[in-house]
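Thanks for coming. I will go through one model today, starting with confidence and ending with the charged pairs.

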Amino acid sequence: MKGFVTMTSDLGYMVPTARPNLPPTEDINNGIFLGRSQFHNFPVCLAFDKLLGATGIIIGKIRTGKSTTSQAILIRLHQLYETNILIFDPHGEYAELVRRNGGTVIDMKSVKINPCRLGKGLSITEKAQQLVDMLETVFNLTPPQSYHLTEYAKLGYKEFGDNLTFDYIIGKLQQESKRNTTLAVTFRAILTRIGLLSESIFGDTSSLPISELTKGLVCVDLSKLNNDTYRTMAMLSILQFIYNDMLSNQGRETPVNEDEPLRLEIMIDEAGRVASHEKSVATKLVKESGKFKIGLMFGFQDLSDLDTKILSNYGFMIVHKLDNSDYISRIQKDGNFTKGQANRIQSLPVGTEYVKLNFKDASVSRPFLVKIEQEELPPHSPIYDRPRKRNFRASRPKTSQISEIRTEENKISKVRDSPKLNNIQHKYYGYRISQSVIY
């Protein structure tokens, strides 16, 4: 009998005539339009103001729709709420979409950046510790290595200030590695890897205006960097500057308002080591960003790339097809999946995903299936070149995403029942856009 009850519970969720396992309609009918719930064609939106946080986790195998989901969320968030968007793009998947939507693409192959410049208002000790935390995230340093590198960084900041470069630290490592000590052996082991940071895009000057990356729609294209170390260090350097700017409250024109939408959403695609270490600045940003109206989204294939502190602080989780049984078991536990839902993760079609939302004021909810509406490239049009004024105090979109939901009254008796969606039209800047959902 116990097995029978479990089976019918899981099957009942999949039967079209059964009530869907959805949160209250008022919680999923406002915000960023994602798509429609499977079986009942119910419109599902992502309302950041109703979630515990703006941190999003998007996981799935390659070519299962992760980028499609991320693009839909980011572009619609920018167009509807005028939220600033910063995308770290390691594979060049977002650049064209950003250009066609009037954004800016930064080719990291053609710029220079000095990771030792971490912003204003920091003491020498703070700068040294943050710099070594970045190195520890990338290179898995031992405690003795971290300690001595911190001391070298302190000496460098005392001598050169913000003009410190990795060349100084590498020179100190080379001197120490020539000695006949146990520590010298460990330094020789990491010297070759850290030596990479004196080449390529890292130098004593910075041609990358980091403070401008958080304004508008910006894609940092990392696809032309042929080394994971370069890509990871570049992302960490930019995130560290944003983190310091956030804490120091630099350049903030107005105080944070609880009712205002997000000011900045950061997308880290294929996060890798950027989000896997507890000392990573990405982990720190997740814990502190909510009160500053900054959100982060992480897209990845391997759940091991995500630190547990990030996994325990997400506002929404989107799961595409996965094969790894260990990952599925962990998702089942952390995402409140039923056994039947967890088993189905292995057979999800491309573009269909489980959406798990953590609400502020609602009880724990189950994940539910959503068919994502793909974000298409918009045509070239003067509409995208119109100047737009920032309005931080607007708590809702200027125009309704879902202007009309017609229902068949004889089929709906309760608010939680799923309405039959006959027509969804989107209106933006005076243009009416049809069901293809192009913004």
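What pLDDT does the protein average, and what share of the residues score at least 70? The average is 77, and 76% of the residues score at least 70; pLDDT is the predictor's confidence in each residue, from 0 to 100.

This is a predicted model, so some bookkeeping: local features need pLDDT of at least 70, side-chain atom pairs count only at pLDDT 80 or more, and totals for chains, interfaces and linings use all residues. Residues are numbered from 1 along each chain as its sequence is written, and side-chain values use heavy atoms, with hydrogens and water left out.

Two stretches need a caution. Over residues 1-9 the pLDDT stays under 50, and the model has zero contacts there beyond four places in sequence; contact means heavy atoms within 4.5 Å. Residues 381-439 also have pLDDT below 50, but that stretch has 130 contacts in the model beyond near neighbours in sequence. Where pLDDT is low, the predicted coordinates should not be read in detail.

Now the overall picture. The protein has 13 helices and 13 strands. These are DSSP runs numbered from the N terminus: helices are H or I with at least four residues, strands are E with at least two. Of the 439 residues, 52% are buried. Buried means under 20% relative accessible area, exposed means over 50%, and partly exposed is in between, with a 1.4 Å probe and protein chains only. Taking contacts between residues at least 6 apart in sequence, 74% join residues at least 24 apart.

Next, the cores. A nonpolar core here is a set of buried Ala, Val, Leu, Ile, Met, Phe, Trp, Tyr and Cys residues joined through side-chain atoms within 4.5 Å. The largest one has 85 residues, and those touching the most other members are Leu86, Phe88, Met108, Ile238, Ile266, Ile268 and Phe298. Helix H9, residues 228-248, supplies the largest share of this core, ten residues. Another core lies apart from it, with 36 residues, among them Leu22, Ile32, Ile85 and Phe316.

Phe298 is worth a look on screen. Leaving aside neighbours within four places in sequence, its contacts include Thr55, Gly56, Ile57 and Ile58, as well as Met267 and Ile268. Leu306 and Ile310 are also among the contacts of Phe298.

A salt bridge is a side-chain nitrogen of Lys or Arg within 4 Å of a carboxyl oxygen of Asp or Glu. Asp269 sits in strand S7, residues 264-269. Beyond four places in sequence, Asp269 is in contact with Ser67, Phe88, Pro90, Glu93, Tyr94 and Gly299.

By the salt-bridge rule, the count comes to 14. One of them joins Asp323 and Lys61, at 2.6 Å from N to O. Asp323 is in the loop between strand S9 (316-319) and helix H12 (325-335), and Lys61 is in the loop between strand S3 (56-59) and helix H3 (66-81), so the pair ties together parts 262 residues apart in sequence. Asp323 is partly exposed at 40% relative accessibility, and Lys61 is partly exposed at 32%.

Lys309 and Glu278 form another salt bridge, at 3.6 Å from N to O. Lys309 is in helix H11, residues 308-311, and Glu278 is in the loop between S7 and helix H10 (281-288), 31 residues apart. The bridge between Arg179 and Glu176 is at 3.3 Å, N to O, and Glu176 is buried at 11% relative accessibility. Glu96, Arg99 and Arg100 are linked in a network of salt bridges.

Last, the rings. There are five aromatic pairs. Rings of Phe, Tyr and Trp (its six-membered ring) pair if their centres lie within 6.5 Å; planes under 30 degrees apart are stacked, over 60 edge-to-face, and the rest tilted. Phe160 and Tyr168 have ring centres 5.4 Å apart and planes at 70°, so that pair is edge-to-face. Phe160 is partly exposed at 34% relative accessible area, whereas Tyr168 is buried at 17%.
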